[in-house]
Amino acid sequence: MKKMSVKTVVAIGIGAALFFVLGRFVAIPVPFVPNTTFNLQYGVLGLFAAMFGPLAGMLIGFVGHTLIDLSWGSPWWSWIIASASFGLLTGFFTRKLDLESGEFGKKEIITFNVGQVVAHLIAWIVLAPTLDVLIYAENATKVFTQGAVAGVVNAVTTGIVGTVLMLAYSKTRTKRGSLDKD
């Protein structure tokens, strides 16, 4: 097994802290769907998963969501696992992106957004509600509705926030071949 770099470990800590702060203090309730919010933290998680890989994405989602739930009282494991799965899948789907190279054009935007949408659909429309039913014996209709709304809302906010963050970050990087030798 490959050892994680210090840079990746630090990124996991920073990513989990950002995920917690955004999820705890910037979540906007979705009208008419209880316990479902617009979540900006998934855009940040998408950036970190693309930069540091699937394991970092999974740990950021797991730790960050656990901290959010603990701050409200107790962990809701099905949704924590869904957040961790989103980070893992997004890191996997975006592993070919090279943000460090300064390249983040149409192809990379499409790659990121197709990957994050698929990851959200798996996490929120399949995994979270299924685990809600299995772990907590929740009403299937209620939790699949919540999951569907969460999946769509999270995909939209991740698409906007994640894409803007990646574009901004890529602009800070020097593009390959842009420097000339004197």
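Helix packing

A: Two packed helices are described by the angle between their axes and the distance between the axes. Here the axes of helix H2 (residues 41-52) and helix H3 (residues 54-72) come within 7 Å and cross at roughly 150°. H2 is therefore roughly antiparallel to H3 (angles over 145 degrees count as such). Axes are lines fitted to C-alpha atoms, for helices over the stretch in contact, with angles from 0 to 180 degrees between N-to-C directions. Helices are DSSP runs (H or I, at least four residues), numbered from the N terminus.

The model is predicted: local features need pLDDT of at least 70, side-chain atom pairs count only at pLDDT 80 or more, and totals for chains, interfaces and linings use all residues. Residues are numbered from 1 along each chain as its sequence is written, and side-chain values use heavy atoms, without hydrogens and water.

Q: Which residues of H2 and H3 make the contact?
A: Contact means heavy atoms within 4.5 Å. On H2 the residues include Leu 45, Phe 48 and Phe 52, and on H3 they include Ile 60, Gly 61 and His 65.

Q: How many salt bridges are there?
A: A salt bridge is a side-chain nitrogen of Lys or Arg within 4 Å of a carboxyl oxygen of Asp or Glu. The count is 2. In one, the closest N and O atoms of Glu 100 and Arg 173 are 3.1 Å apart. Glu 100 lies in the loop between helix H4 (77-93) and helix H5 (106-136) and Arg 173 in the segment after helix H6 (140-171), so the pair ties together parts 73 residues apart in sequence. Lys 142 forms a salt bridge with Glu 138, at 2.7 Å between the closest N and O atoms.

How values were computed. Helices (H or I, at least four residues) and strands (E, at least two) are DSSP runs, numbered from the N terminus. Angles under 35 degrees count as roughly parallel, over 145 as roughly antiparallel, 65 to 115 as roughly perpendicular and the rest as oblique.
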